[in-house]
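Here's a structure to get to know, one question at a time. Have a look first, then we'll dig in.

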Amino acid sequence: MLVKTYNTDIEHQRETGHFTLGIVRSMNRSVFDNYRTEWENDEVSVKVPFSAAGVGTTIVLTSKFTGKMMLLDVGDGILRDLLLSGNTNFVSDINPIALSHGHFDHVGGLHSLFGFMRMMERTNPLNILIPTGCSEAISIIKGYRDLYRTSLPFKIWYHELSQGSGFDTDFFKTKSFEVEHSSFESDQGAGVLEPALGFRVQIGETVVGYTGDTRLCSGAETVVRDANLAIIEATRKETPAPDSGHRVHLSVEEANELGKLAKEYVLIHKVPEMPP
Ligand SMILES: [Zn+2]
């Protein structure tokens with residue numbers, strides 16, 4: 001529904017450490033519907049309630065047989081998005097959570113989610129899969145456990161994964177693959193890669209691949225190859241020239257090429273269109 005329309009000229013482009021925020025001519029509040037994606041088959045429902053670069057990305061996998069849920073990344077706004085489902089079963093149904101890397105738009109919702117689970121008195125342990133050495137995730141998780149050590153009714157475990165690691169629950173079988181991602185596009189900080197993973201998750205016979213944030217690399221190809229659904233980041237509108245320096249993200253064109261390796265794919269993590 002169109003709530004309100006803003007009509008603005010392009011005023012400026014603002015460079016952040018993470019991406020270039022393009023200010024667009026005309027938008028409305030429902031523009032954020034453009035950052036929502038859904039897919040399903042007989043075994044699993046995949047919802048991306050929201051994904052935009054430098055804002056937040058959350059992917060929710062739900063097993064159709066059991067209702068159990070797995071999260072891929074936990075961006076800001078996740079609690080609101082989960083509550084929009086109309087019930088609070090997610091409080092105990094979520095396990096595990098897999099985090100692709102430690103940037104704020106992928107881990108920013110953890111504190112809210114932990115807080116809600118604590119308030120609702122979750123009791124079953126929560127497993128969180130993180131890239132080895134992901135200091136942001138480790139400090140958030142450890143900090144939360146320390147803060148509420150006498151009043152947290154459930155355990156929060158983290159597991160550091162690397163190339164080819166696996167982590168299985170009864171409902172979600174996860175394999176991780178290293179991908180190539182860093183904080184800065186251009187040559188600033190060139191070559192300093194963050195701990196970053198893509199994941200392949202098997203639910204029944206269905207495989208969902210998620211690239212996380214990455215430039216083109218063999219890990220990203222492995223993640224999406226032959227997946228029933230590949231969820232691929234497509235941050236950049238255009239592919240930079242080959243000599244343009246250090247790369248951080250995929251372009252839409254590169255993501256579409258990568259998607260051809262999978263049976264079906266969706267593109268997420270686009271640069272958001274924001275009012276000035
Ligand atoms: Zn991101």
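Q: Does Glu121 count as buried or exposed, and what number of C-beta neighbours decides that?
A: This is a predicted model, in which local features need pLDDT of at least 70, side-chain atom pairs count only at pLDDT 80 or more, and totals for chains, interfaces and linings use all residues. Residues are numbered from 1 along each chain as its sequence is written. A residue is buried if 20 or more other C-beta atoms (placed from the backbone) lie within 10 Å of its own, exposed if 12 or fewer, and partly exposed in between. Glu121 has 10 C-beta neighbours inside 10 Å, so it counts as exposed.

Q: Where does Glu121 lie?
A: Helices (H or I, at least four residues) and strands (E, at least two) are DSSP runs, numbered from the N terminus. Phi of Glu121 is near 60°, a positive value in a residue other than glycine. As for its place, Glu121 sits in the loop between α4 (110–119) and β10 (126–131).

Q: Is Asp226 buried or exposed?
A: Asp226 lies in the loop between α6 (218–224) and β16, and its phi is near 60°, a positive value in a residue other than glycine. Within 10 Å of Asp226 there are 11 other C-beta atoms, so Asp226 is exposed.

Q: How far apart are the end C-alpha atoms of helix α5?
A: The expected span of a helix is 1.5 Å times one less than its number of residues. Helix α5 (residues 135–147) has 13 residues, so it should span 18 Å. The model agrees, with the end C-alpha atoms of α5 at a distance of 18 Å.

Q: Which residues of α5 are buried, and on what arc around the axis do they sit?
A: The buried ones are Ala137, Ile140 and Ile141. An α-helix has 3.6 residues a turn, so residues three or four places apart point the same way. The arc here is that of the directions from the helix axis to the C-beta atoms. For Ala137, Ile140 and Ile141, which are buried in α5, that puts them on the same side of the helix, over an arc of only 90°.

Q: Which residues are exposed on the other side of α5?
A: The buried residues of α5 have a cover that includes α3 (104–107), α4, β10 and β11 (156–161). The other side of α5 has these exposed residues: Ser135, Ser139, Lys142, Gly143, Asp146 and Leu147.

Q: At about what angle does α5 run to β11?
A: Axes are lines fitted to C-alpha atoms, for helices over the stretch in contact, and angles run from 0 to 180 degrees between N-to-C directions. Two residues are in contact if their C-beta atoms, placed from the backbone, lie within 7 Å. α5 lies across β10 and β11, and its angle to β11 is about 160°.

Q: Which strands stand at the edges of the sheet that runs from β5 to β11?
A: Two strands pair if DSSP finds at least two bridges between them. This open sheet has seven strands in the order β5-β6-β7-β8-β9-β10-β11, with mixed pairing. Each edge strand has a single partner strand, so one side of it is left without a neighbour in the sheet; the edges are β5 and β11.

Q: In β7, which residue is the bridge partner of Val46?
A: Strand β5 (residues 37–40) pairs with strand β6 (residues 44–52) in the antiparallel sense over four bridges, and Trp39 stands opposite Val46 in β6. β6 also pairs with strand β7 (residues 56–63) in the antiparallel sense, over seven bridges. There, the bridge partner of Val46 is Leu61.

Q: What is the peptide bond from Asn95 to Pro96, cis or trans?
A: Pro96 has its place in strand β9 (residues 94–98). Omega for the bond from Asn95 to Pro96 is near 5°, and the bond is cis.

Q: What separates the C-alpha atoms of His269 and Glu233?
A: His269 is found in the segment after β17, and with 30 C-beta neighbours inside 10 Å it counts as buried. Leaving aside neighbours within four places in sequence, the contacts of His269 include Ser51, Asp213 and Glu233. His269 and Glu233 are 36 residues apart along the chain, and their C-alpha atoms are separated by 5.2 Å.
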